[in-house]
Amino acid sequence: MDKFDRIYDLHRLLAGRRTPLPLTDLMERLSCSRSTALRLIALLKDQLGAPIVFDHDIGGYRYQPGPDGRAYELPGLWFNAQELQALLVFHRLMEGLEPGLLAEHLAPLSLRITELLAHKRLGLSQAAQRIRILGMAARSAGDWFRVIASATLQRCKLEIRYHSRSKDQVTHRVVSPQRLTRYRDNWYLDVQDHLRNALRSFSVDRIQHALELEERAVDVPEADLNEYFASAYGIFSGKSNKTAVLRFTPERARWVADERWHPQQVGQFLTDGRYELRIPYRDARELVMDVLRHGAEVEVVGPEHLQQAVANELERAARQYGRGQRN
């Protein structure tokens, strides 16, 4: 953990308490040694002016209230990476929000976020100009997002007209929406599909029409949803039934070893410096695309059908460039 994150966490532990906190508890909550905890306490007290005192009667550390009764606040910018990202994402979403049902309820939140960004002490006045959040290959949610979201939250069935990209076909279905999923900057609707009598996931931007029905939606247990939608790789649903074994070169391993491809992935460094990554999956399409972006820096060890799928794509690309050179 970064030193400044630990100081931030130490401040939060002390600021939220009325009674002293023993050093052993601080060490456990900060996941650090005794010497590190004492060093952090000294940094917070001596360099940042925190009114930390040691209570000998109870044997713990606490903040001494100020003369005016006000609680101590850390000076300067004290956002960790996740909080800063969340704040900026909220701000960007609020700026792009069109007038609608929730606008008046969200207006105070939008104002508060704007005030936080403008707060001089936090140093975030130029955050929008100095920090970028880039979206890749985002598609518009379409004209029916509001109806879809309403039915999902109100637990009503939906009648939809859906155009499948892969089959280039339009079908009409009645579904029980389970949840909306934001994945790689695009929206997907997880449903119980009554036409197929099975769980399915639809790309929201391909829903050409949606009608909220009065009939109540069928609720699928969350454990079943997670098993079906989250056990395999990427957005393609279904319980995983295969494991991809990928080996990256020592050069690429420096990046891939820090990446999270799947919640149940297993990775290890090999004796020759390469990095082996094992990923559960069911449908290989998205996995093939992600493997291809690493080019010659990755080898698909197995299964054989995944090896062949990647090899076929590389051969097709090579033939295409070969034709261009001949022409």
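Strands are DSSP runs of E with at least two residues, numbered from the N terminus. The exercises below apply this to a predicted model.

**Exercise 1. Describe the setting of Ser 176: in which strand is Ser 176 found, is Ser 176 buried or exposed, and with which residues is Ser 176 in contact?**

Solution.

1. Ser 176 belongs to strand β4, which covers residues 169-183.
2. The relative accessibility of Ser 176 is 0%. Buried means under 20%, so Ser 176 counts as buried.
3. Setting aside neighbours within four places in sequence, the contacts of Ser 176 are Lys 157, Asp 190, Val 191, Gln 192, His 194, Ala 217 and Val 218.
4. Two of these residues can be examined further. With His 194, Ser 176 makes a side chain to side chain polar contact of 2.8 Å. A polar atom of the Ser 176 side chain also lies 2.9 Å from the backbone nitrogen of Val 218.

**Exercise 2. Determine the order of the strands in the open sheet of 4 strands, and state which strands are the edge strands.**

Solution.

1. The order is β9-β10-β8-β11, with antiparallel pairing.
2. β9 (266-269) and β11 (298-302) each pair on one side only, and are the edge strands.
3. On average, and with direction ignored, neighbouring strands of this sheet are turned by 20 degrees against each other.
4. Strands β8 (residues 242-248) and β10 (residues 275-281) run antiparallel and are joined by 7 bridges. Within this pairing, Lys 242 has Tyr 281 of β10 as its bridge partner.

**Exercise 3. Classify the aromatic pair of Phe 145 and Trp 187, then explain why the pair of Tyr 228 and Phe 229 is edge-to-face.**

Solution.

1. The structure holds 8 aromatic pairs, among them that of Phe 145 and Trp 187, with 5.2 Å centre to centre and 55 degrees between the planes. Planes under 30 degrees apart count as stacked and over 60 as edge-to-face, so this pair is tilted.
2. Phe 145 lies in helix α7 (residues 145-154) and Trp 187 in strand β5 (residues 186-193); the pair, 42 residues apart, links distant parts of the chain.
3. Both residues are partly exposed: Phe 145 at 24% relative accessibility, Trp 187 with a relative accessible area of 28%.
4. The ring centres of Tyr 228 and Phe 229 are 5.0 Å apart and their planes stand at 90 degrees, which makes the pair edge-to-face because the angle is over 60.
5. Tyr 228 is partly exposed, with a relative accessible area of 22%, whereas Phe 229 counts as buried at 10% relative accessibility.

Technical notes:
Residues are numbered from 1 along each chain as its sequence is written. This is a predicted model: local features need pLDDT of at least 70, side-chain atom pairs count only at pLDDT 80 or more; totals for chains, interfaces and linings use all residues. Side-chain values use heavy atoms; hydrogens and water are left out. Two strands pair if DSSP finds at least two bridges between them. Axes are lines fitted to C-alpha atoms, for helices over the stretch in contact, and angles run from 0 to 180 degrees between N-to-C directions. Buried means under 20% relative accessible area, exposed over 50%, partly exposed in between (1.4 Å probe, protein chains only). A polar contact is a pair of N or O atoms within 3.5 Å; within protein, one must be able to donate a hydrogen and the other to accept it, and residues adjacent in sequence count only if both atoms are side-chain atoms. Contact means heavy atoms within 4.5 Å. Rings of Phe, Tyr and Trp (its six-membered ring) pair if their centres lie within 6.5 Å; planes under 30 degrees apart count as stacked, over 60 as edge-to-face and the rest as tilted.
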